[in-house]
Amino acid sequence: MTRECSLLLPRVCAALADPRQPGSDDTCLEKLLDWFRQLTMFDPSVELLQDNPCLMEFITSVLALPEPNPSILSFTLRLAGILAASEIRFQHLQEEKLLVRLFGRDGPLSSAVWEDASVRSGWVEGVHSMMHHLPALHFLCNGGGIDMIFTLQGDPSLFVASAASQLLVHVLTFSVESETTTPLGTKDCDWPACAQMIIKHIEDSLRSSSASHIQRSLKLLSSLFRSCHATWTEVLWLGIEKQIESFLTEETVQVQHMLANLLLNMAWSPVFHEAGGSFWPLVTSALEHLAPVQAGPLAVGILRLYKSPQDVRIQALTVLLQPMECILRAASQPLEYAGLLDESVGDPTTIESLLSSKSSCASLLCQTLARLEELLSLMRSPIDLPYTSLLRSLTAILQFCNGFLRPASPLGSTISRILINCFRVQRSALDVLAALAEQKCCDTVMGSVFDVLLAYLESPNTSCTVLKKTFQATSKWLVSLQELSCSNSQWQQAEKILEDVFLVLQKHLCSPSWEVRDSSLEFLTTLIKYLRDQDEFRQSLLSSEVPRLTESLLEDPESYVRASAVTAVGYLAFITYFAPESPVTGNQSSKENTIAKLQEILSTDPEGFPRRAVISIFIKWLRQGCTGQLEDTEQFVSRVIETVQRDLDWEVRLGGLELVEIFCSQTICQLGLRKGPYAPVSSAVSSSIHQNESLQVFCRANLFSFLYRSLCDCDKPIGQRACDILLSLRCSFYPTSTLKDSQETGDSPSGQGLAWLQRTLRQGSLAQNFPTDGSNGMDFQDPESMIIALGTIEFEDLHDELNRCSDHVEKSPQSLLQDILATAGTVEENEVDCY
């Protein structure tokens, strides 16, 4: 412990124990406890207590208070637990009779202050912290602490109850692993005494008629099997297996959801999923007997576990697909299509009754669809889904929801009435439909998929959120269609669908709803991103009114729409202006006009979103070489920098730095300058020529003034990025062997300006005192001055300073203790209840 901490600690302890003050700031107390945890982790000796007697005095004084503040008492309990985690300090606290007064029967648990949840929480956390050695375990067992933890399992505070359950898991695991030397058997005498108490409590609770007691034990077992994968857990399971199995068929005890969680945690334990025995038959029985709502999560968990038996996986998949099978049967004529399942698991009428109920139909379908989407994200699943039938079922759900399907059965009529305009189910079904687009499904159902998607796009009843999901699914299916048409020569189908899509897109780009216009622009951008190389896509797009309407939305009154329009116009340029053979007439003037519009938005738009979108598009253009020859690119970058460096949005300025970084890299490569400090050059003469050319380009474009101004930006990421770029430039212009010589230069014509630059960089005042010319500081357009500055300024030190976090000050022990001292005695009118 540092000397400053040793001096402050007695004052802090005295302030916290002062009965005249109501407490201290909870955040400061937590910080102090974290510091004690770190300190005691590295110093397990008793000297910590002997050298700082104020700690013992603090605990004693708090215990002596007739009515201690609950937050201070809770802090004291947790602090004592941290100190007692070391066996030698535990013995010292025991000799002083402090632990029994804190955690024993005569401690806070027998006083009125125990009614405060924070005190009970502090007691549990303190016991948990000290439970790292056998003396602490025996102290807990012999002093009645185990019975208190059993009681706290049912605490009205869920936070305390959960912590008590976790503590029991820890105590049971620690007892078995520290007090046994031979493999455990199934007899009680084989278990250590403390473990016997906990196991007997679990067994008694499971056999009781109290649902709450059963639930607590099931929750405890779930935590145990999730965290502990030792072989003795199987021995424990053998003693309770029959009782657990009985809950599957016992209707009086409603614990099915907890059984599913328990079995799933066990399935992920190698003790159970790699062993034979009766565990997997029990999982099979659970899949059969649990209600669909409880069986669904268990089924997905089993399918995520690649080592589960194949027959169990098939049954889990069957459970998952049963609602979709029921939908397909309800929507089609008997035997019109092949179903999803060869046979059902459990009684199919259960699913039918749930789908026939208004209170459960939508919930069941949303849960099923969410699990299917999760399953589709697992590309390594060895079980193939019946994709074609699943697609038919999805389209049936979507048609039920918009009223476009005539049901073929009474069940279908009921489901249709329930699902009409059900946005939740529509969104979930569209998510799964989008995921299925990547599965290369049978092309025979693709037409019906697009029929449904187009119906949703055209319907005036489609909500904004559902329309956005429809756009996302349509874009993925269009990509899939293009891949399929290339292989199967289905050009006509692709062209017809694209024509229909652009017709409906034109309508949505003129929608009075800004959300619809925004989603439409995002959809267009996605299509261009993935399909711009396809001839039929380009032709369909350019023959529509979409490009004109998109450009008109650059002046939309809503900033989100303007930002999306900027991005869409930027991507459109890849087709209209930057393609090798652009089909647009008047290409050059149109391109210049578009660039001018975007630059105007960058300089004048009052909102940040459109300006950020412009700089992102400019970065993309520059990265892909769309801005022309070096001279054109230089002018383009210079104009952007002139605008960006005055922008108040730090993300725009950061985008400007990324643009500069790309431009520098491209220029250096084009002019033949080496890319790094160790790259060879052809000759000193050619290197000097290339270096001078690059410097002149950078100075003319005002790169250096922007970079040095950014070094002192008030937003830290700007300075960090600028420093990284300058370091990279120095590596390009200076070989490592000559860098040191350059840094020793002191009599250059730029010496005075360089001294000013270094001084202002140290002061962080460059952004405020930036020179208007070269007379008062550095001439940032002079190549000679810039090359000297690059070789002289200690960018490494500046880089370290910019990257240094303030945590080294804020989290120092002295700072934490001063926070405690400053807040002790401060009355907080509105204390935060963390529970």
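Helices here (H or I, at least four residues), like strands (E, at least two), are DSSP runs numbered from the N terminus. The model is a predicted one, in which local features need pLDDT of at least 70 and side-chain atom pairs count only at pLDDT 80 or more, while totals for chains, interfaces and linings use all residues. Residues are numbered from 1 along each chain as its sequence is written, and side-chain values use heavy atoms, with hydrogens and water left out.

Now step back into helix 9 itself, which spans residues 134-142. Its buried residues are A136, L137, F139, L140 and C141, where buried means under 20% relative accessible area, exposed means over 50%, and partly exposed lies in between (1.4 Å probe, protein chains only). What covers these residues? The cover includes helix 6 (87-95), helix 7 (98-103) and helix 8 (117-130), along with helix 10 (145-152), helix 11 (158-179) and helix 12 (193-207).

Widening the view, the protein chain has 44 helices and zero strands. Of its 835 residues, 53% are buried. Take contacts (heavy atoms within 4.5 Å) between residues at least 6 apart in sequence: 72% of them join residues at least 24 apart. The chain exposes about 38,100 Å², and carbon and sulfur atoms supply 50% of that area; accessible areas come from the Shrake-Rupley method with a 1.4 Å probe, and for residues only the protein chains shown count as cover.

Let's turn to charged side chains. The whole structure holds 24 salt bridges, each being a side-chain nitrogen of Lys or Arg within 4 Å of a carboxyl oxygen of Asp or Glu. One of them pairs D605 with R562, at 2.7 Å from N to O. This pair links distant parts of the chain, 43 residues apart: D605 sits in the loop between helix 32 (587-604) and helix 33 (608-623), whereas R562 belongs to helix 31 (residues 559-576). D605 is buried, at 10% relative accessible area, and R562 is buried too, at 9%.

D204 bridges to K200 with the closest N and O atoms 2.8 Å apart, and to R207 at 3.1 Å. Why can D204 reach K200? The two are four residues apart in helix 12, so about one helical turn separates them. D204 and R207, three residues apart in that helix, are likewise separated by about one helical turn. D204 is partly exposed, at 33% relative accessible area, while R207 is exposed, at 54%.
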